[in-house]
Amino acid sequence: MSVDLQARLQALREAFLKELPARLAALRRAWEGLEGNRQGDLLFEAHRLAGAAGTFGQPMLSEAARDLEELLRASDAPDAAAVEAALAEVESTALRITLPVPEVSPGGDLAP
């Protein structure tokens, strides 16, 4: 793969991570929404996130979003507690990939 292509792919991955909070907010708004098609909107957002996360090298997030999507597709009226749990799993998985990992010095101390 050329250096230019690698740089462009890295830029796309970084853009995905930067927009991830907005995607998570859209999922939460869809679930908490009082207007429109709540289940349909959430399904749409979960599907989008599952695909994008897989494309940009976040398989665990893609899997969590896909699990939410499958739960929503399985029933016209999925259990609200199950949907909330699946949504919370998506959010916690995303949080783990977006938090910076602290650097550890050779002595085992956190770097400043």
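Glu69 is buried in this predicted model, with a relative accessible area of 4%. To find Glu69, look in helix 3, which covers residues 59-74.

What does the side chain of Glu69 make a polar contact with? Its partner is the side chain of Arg66, at 2.7 Å. Now set aside the neighbours within four places in sequence, and you will see Glu69 in contact with Leu43, Ala46, His47 and Ala50.

Those contacts lead us to another helix. Two packed helices are described by the angle between their axes and the distance between the axes. For helix 2 (residues 38-55) and helix 3, the axes come within 8 Å and cross at roughly 155°. Angles over 145 degrees count as roughly antiparallel, and helix 2 and helix 3 are therefore roughly antiparallel to each other. The crossing of helix 2 past helix 3 is left-handed.

Which residues make this contact? On the helix 2 side, they include Leu43, Ala46, His47 and Ala50; on the helix 3 side, Arg66 and Glu69 are among them. Sorted by class, the contact has 11 nonpolar, five polar and three charged residues.

Before you leave helix 2, have a look at Glu45, which lies in it. Is Glu45 buried or exposed? Its relative accessibility is 16%, so Glu45 counts as buried. Not counting residues up to four places away in sequence, Glu45 touches Ala26 and Leu27.

Key. Residues numbered from 1 in each chain as written. Predicted model: local features only at pLDDT ≥ 70, side-chain atom pairs only at ≥ 80, totals over all residues. Heavy atoms only, no water. Helix = DSSP H or I, 4+ residues; strand = E, 2+ residues; numbered from the N terminus. Buried < 20%, exposed > 50% of the residue type's maximum accessible area, 1.4 Å probe, protein only. Polar contact = N/O pair within 3.5 Å; in protein donor to acceptor, adjacent residues only side chain to side chain. Contact = heavy atoms within 4.5 Å. Axes fitted to C-alpha atoms, helices over the stretch in contact; angles between N-to-C directions. Parallel < 35°, antiparallel > 145°, perpendicular 65-115°, else oblique. Left-handed = near helix turned anticlockwise from the far one by under 90°. Nonpolar A, V, L, I, M, F, W, Y, C, P; charged D, E, K, R; others polar.
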